[in-house]
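Here is my note on the model you sent, written as numbered points so that each can be followed with the structure open beside it. Please read it slowly and look up each residue as it comes.

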Amino acid sequence: MFETISQKLNEGQEVGREEALWLLKEADLLEVGRLADGVRRRLHPHKRVTFVVDRNVNYTNVCESQCRFCAFYRKPGAADAYLLEPDAILDKIQELVDRGGTQLLMQGGLHPELDIHWFETLLRAIKQRFPQVQVHSLSPAEVIHVARLSQLSMPECLRRLQAAGLDSVPGGGAEVLVDTVRQEISPNKIGWRDWAAVMEEAHRLGMKTTATMMFGSRERLEDIVEHLLRVRDIQKRTGGFTAFIPWTFQPSNTELGGETVGGVEYLQVLALSRILLDNIPNIQASWVTQGARTAQVALFFGANDLGGTMLEENVVAAAGCYFRMSQDEVVELARGAGFVPAKRNTHYEILETY
């Protein structure tokens, strides 16, 4: 089986479902890594490893979805529930710009009172004051929630958000794109088809997006493969995904609970992502959930990007995961693995090499 898969990759053919399952269930980890590294070398022969200077602003922790895997959300009226004032958000973006940042990753809970007008006003204020910042914000679940509150169709809501200043859409809320899994871990959240519909509409509007996968909760290996194949199919139709980011469920402080996925399983899924998603240019290593050392190893298992420096991050931290890295540390991580570190923007345009 290994030789068949290797030959397919060398000839530019797609790896199928059964072969993908074999790579997860039976193949040797280092052999899977070698295949993934070969795909990375073909797509990125320049030996660059990229990163973006960004900030994750969580504008509210109030959320009607109340996902069982989430330690961040609070119910409306909770003592520690919050909603940031627009001026506080603008102050946070100013800090980002002062540090040379280019990307704003703004995400929050599904707040019962924030309709399209609140977001339009905020986005226009951000663009007026910080036209140079890429507003890479609002997951598909947030877009659909805002549309419902505002009595708009999803396409009209997304078009208005774009007109107000939304530049691109992050892939958050994908979890695993299999509804049986979603019903168990996030029963109040949109189904996988709604997630896909928002992404495809964003691509039709000319917005680039990312895709993610949170694994290690209640899914089967077959579900992981299904998720990857569904992302690959969307990319075939639209070509709008710039990157794929697999990351692991953090069980602490969550209703769902369970065990933390180890580095071996993470690297195996990361490598499979690179092998299957050969039509998505970039695969991101998740140092936020795995730490610097595993992220460095991931660069030899298919990853070519280290994501954002994340001046601020609250959602994963709420589950007790506190990995942090400065820009200098990200640069040294890539350089220490023998790569050329490069700062990029959201569209993966290179701004500076080190």
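This is a predicted model: local features need pLDDT of at least 70, side-chain atom pairs count only at pLDDT 80 or more; totals for chains, interfaces and linings use all residues.

1. The side chain of D167 meets that of K127 in a salt bridge, with a distance of 2.7 Å from N to O. Because D167 sits in the loop between α7 (154-164) and α8 (179-185) while K127 belongs to helix α5 (residues 116-129), this pair ties together parts that are 40 residues apart in sequence. K127, for its part, is also partly exposed, with a relative accessible area of 21%.

2. As background, side chains of opposite charge can pair when their charged atoms come close. How many salt bridges does the structure hold? The count for the structure is 24, and among them is the one in which the side chains of R55 and E95 meet, at 3.0 Å from N to O. R55 is part of strand β2 (residues 54-58) and E95 is part of helix α4 (residues 86-98), so here a strand and a helix are tied together across 40 residues of sequence. The two partners can be described one by one: R55 counts as buried, at 7% relative accessibility, whereas E95 is partly exposed, with a relative accessible area of 40%.

3. A further salt bridge joins E175 to K189, and the closest N and O atoms of this pair are 3.1 Å apart. E175 is found in the loop between α7 and α8, and K189 in the loop between α8 and α9 (192-204), so that the pair links distant parts of the chain, 14 residues apart. Both E175 and K189 are buried. Elsewhere, salt bridges that share partners bring E14, R232, D233 and K236 together into one network.

4. In which order do the four strands of the open sheet stand? The order is β8-β1-β9-β10, and the pairing is mixed. Since β8 (305-308) and β10 stand at the edges with a single partner strand each, one side of each of them is left without a neighbour in the sheet. On average, neighbouring strands of this sheet are turned by 25° against each other when direction is ignored.

5. Strand β10 (residues 350-353) runs antiparallel to β9 and is joined to it by three bridges, with A342 standing opposite T353. In the hairpin that β9 and β10 form, five residues lie between the strands, and Y348 there takes a positive phi near 65°.

6. Why can β9 be called largely enclosed by the rest of the structure? The reason is that four of the five residues of this strand (residues 340-344) are buried, so the rest of the structure largely encloses β9.

7. The axes of helix α1 (residues 2-10) and helix α3 (residues 29-43) come within 11 Å and cross at roughly 5°. Because angles under 35 degrees count as roughly parallel, α1 is roughly parallel to α3. In their contact, F2, I5, S6 and L9 of α1 meet E31, R34, L35, V39 and R42 of α3, and the residues of this contact divide into five nonpolar, one polar and three charged.

8. Finally, please look at Q94, which has its place in helix α4. Q94 is partly exposed, with a relative accessible area of 26%. Leaving aside residues up to four places away in sequence, Q94 touches R129 and F130. Between Q94 and R129 there are 35 residues of separation in sequence, yet their C-alpha atoms are 9.1 Å apart in space.

Technical notes. Residues are numbered from 1 along each chain as its sequence is written. Side-chain values use heavy atoms; hydrogens and water are left out. Buried means under 20% relative accessible area, exposed over 50%, partly exposed in between (1.4 Å probe, protein chains only). Helices (H or I, at least four residues) and strands (E, at least two) are DSSP runs, numbered from the N terminus. Two strands pair if DSSP finds at least two bridges between them. A salt bridge is a side-chain nitrogen of Lys or Arg within 4 Å of a carboxyl oxygen of Asp or Glu. Axes are lines fitted to C-alpha atoms, for helices over the stretch in contact, and angles run from 0 to 180 degrees between N-to-C directions. Contact means heavy atoms within 4.5 Å. Angles under 35 degrees count as roughly parallel, over 145 as roughly antiparallel, 65 to 115 as roughly perpendicular and the rest as oblique. Ala, Val, Leu, Ile, Met, Phe, Trp, Tyr, Cys and Pro count as nonpolar, Asp, Glu, Lys and Arg as charged, and the others, Gly among them, as polar.
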